[in-house]
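Let's take a walk through this fold, one piece at a time. Have the sequence and the model open as you read.

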Amino acid sequence: MNFSRVNKLITQANINNCSGFMLKDTKNIQYFSGYTGEGAAIISENGCAIITDSRYTEQAEKQTDGYDIITFEGGKYLDTLQDVCDKLNIDAMCYEADVV
């Protein structure tokens, strides 16, 4: 994990009254985590996670350091995202506007 980059993103999220940040753009996910697969990166002061499906779990585990790797299954992406937000105490999330 690039702590300097992550800390800057957390600071930006806090300025915008968010307790976490969600990245969906693969270039941004790679920039902050090193992971080059599909999914989402969740970044907060309380921890970081990559949410992906089972096709990319092994890749995410190999390419990241300091991120929890969370695999969603059976179309349960939003439930998994909610679980991660609960675990990391995220009550308001910033995101990349041009990716939504």
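Contact here means heavy atoms within 4.5 Å. This is a predicted model, where local features need pLDDT of at least 70, side-chain atom pairs count only at pLDDT 80 or more, and totals for chains, interfaces and linings use all residues. Residues are numbered from 1 along each chain as its sequence is written, and side-chain values use heavy atoms, with hydrogens and water left out.

Start with Asp53, in the loop between E3 and helix H3 (57-63); helices (H or I, at least four residues) and strands (E, at least two) are DSSP runs, numbered from the N terminus. Asp53 is buried, at a relative accessible area of 16% (buried is under 20%, exposed over 50%, partly exposed in between, with a 1.4 Å probe and protein chains only). Setting aside neighbours within four places in sequence, Asp53 is in contact with Thr71 and Phe72.

E3 and E4 run parallel and are joined by four bridges, and Ile50 has Ile69 in E4 as its bridge partner.

Next, look at H4, residues 77-87, where Tyr77, Thr80, Leu81, Val84 and Cys85 are buried. They sit on the same side of H4 because they cover an arc of only 140° around the axis, taken from the directions from the helix axis to the C-beta atoms. Over on the other side of H4, Leu78, Asp83 and Lys87 are exposed. What covers the buried residues includes strands E1 (20-23), E2 (40-44), E3 (47-52), E4 (68-71) and E5 (93-95). Just after H4, Asn89 takes a positive phi of about 55°.

Methods:
Pairing = 2+ DSSP bridges.
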